[in-house]
Amino acid sequence: MLAGKVYDFDCGAFVLNRGDHVIVETEQGLGFGVVAVPPVPYDESAASRSGKDLKKVFRLASEKDFNQREKNIEIEKR
């Protein structure tokens, strides 16, 4: 089950599947995300007309990322 908002990102060369954990670019820096919808071809011409560039998937999440996420959750609870 997903919680939160769903955003579109440019997956670049990454082959991603639903449920994969990723590190993405956000307005506030890097963030932890979960692939909600597998990537589909992106119409760059439509995006350039709308003036909306997609943020990128930076990398697949590592064990270190999961550990940091848990630490962040604990800090938020305090």
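**View A. Salt bridge between lysine 55 and glutamate 27.** Lysine 55 and glutamate 27 form a salt bridge whose closest N and O atoms are 3.3 Å apart. A salt bridge here is a side-chain nitrogen of Lys or Arg within 4 Å of a carboxyl oxygen of Asp or Glu. The model is predicted: local features need pLDDT of at least 70, side-chain atom pairs count only at pLDDT 80 or more, and totals for chains, interfaces and linings use all residues. Residues are numbered from 1 along each chain as its sequence is written, and side-chain values use heavy atoms, with hydrogens and water left out. The pair links distant parts of the chain, with lysine 55 in strand 4 and glutamate 27 in the loop between strand 2 and strand 3, 28 residues apart. Helices (H or I, at least four residues) and strands (E, at least two) are DSSP runs, numbered from the N terminus. Lysine 55 counts as partly exposed because its relative accessibility is 32%, while glutamate 27, at 66%, counts as exposed. Buried means under 20% relative accessible area, exposed over 50%, and partly exposed in between (1.4 Å probe, protein chains only).

View B. By the same rule the count comes to 4 salt bridges. In one of them, the side chains of arginine 59 and aspartate 65 meet at 2.4 Å, N to O. Arginine 59 is partly exposed, with a relative accessible area of 30%, whereas aspartate 65 has 14% relative accessibility and so counts as buried. Another joins glutamate 74 to lysine 77, with the closest N and O atoms 3.6 Å apart. Both glutamate 74 and lysine 77 lie in helix 2, 3 residues apart, about one turn of the helix. Glutamate 74 is partly exposed at 38% relative accessibility, and lysine 77 is exposed, with a relative accessible area of 62%.

View C. The ring centres of phenylalanine 32 and phenylalanine 66 are 5.2 Å apart and the ring planes stand at 80 degrees, so the pair is edge-to-face. Rings of Phe, Tyr and Trp (its six-membered ring) pair if their centres lie within 6.5 Å; planes under 30 degrees apart count as stacked, over 60 as edge-to-face and the rest as tilted. Phenylalanine 32 in strand 3 and phenylalanine 66 in helix 2 are 34 residues apart, and the pair links distant parts of the chain. Phenylalanine 32 counts as partly exposed at 27% relative accessibility; phenylalanine 66 is also partly exposed, with a relative accessible area of 32%.

**View D. Pairing of the strands.** Strand 2 and strand 3 pair in the antiparallel sense over 6 bridges. Two strands pair if DSSP finds at least two bridges between them. A hairpin of 2 residues joins strand 2 to strand 3. Phenylalanine 32, in strand 3, is the bridge partner of isoleucine 23. Strand 2 also runs antiparallel to strand 4, to which 3 bridges join it; valine 57 in strand 4 is the bridge partner of valine 24. Strand 1 and strand 4 pair in the parallel sense over 2 bridges, and lysine 56 in strand 4 is the bridge partner of aspartate 10.

**View E. The largest pocket.** The largest pocket has a volume of about 1100 Å³. On a 1 Å grid over the protein atoms alone, a pocket is an open set of points where a 1.4 Å probe fits, with protein on both sides within 12 Å along at least five of seven lines; lining residues have an atom within 4 Å of a point. Grid points are joined across faces, edges and corners, and a volume is the space filled by probe spheres set on the points. The lining has 34 residues, of which Val6, Tyr7, Asp8, Phe9 and Val24 lie nearest the pocket centre. Strand 1 (9-10), strand 2 (21-26), strand 3 (29-34) and strand 4 (55-60) each supply at least two residues of this lining. By class, the lining has 21 nonpolar, 5 polar and 8 charged residues. Ala, Val, Leu, Ile, Met, Phe, Trp, Tyr, Cys and Pro count as nonpolar, Asp, Glu, Lys and Arg as charged, and the others, Gly among them, as polar.

**View F. The second largest pocket.** About 290 Å³ of space lies in the second largest pocket. Of its 13 lining residues, Gly31, Phe32, Asp65, Arg69 and Asn72 are the closest to its centre. Strand 3 and helix 2 (63-77) each supply at least two residues of the lining, and helix 2 gives the most, with 6 residues. The lining has 5 nonpolar, 4 polar and 4 charged residues.
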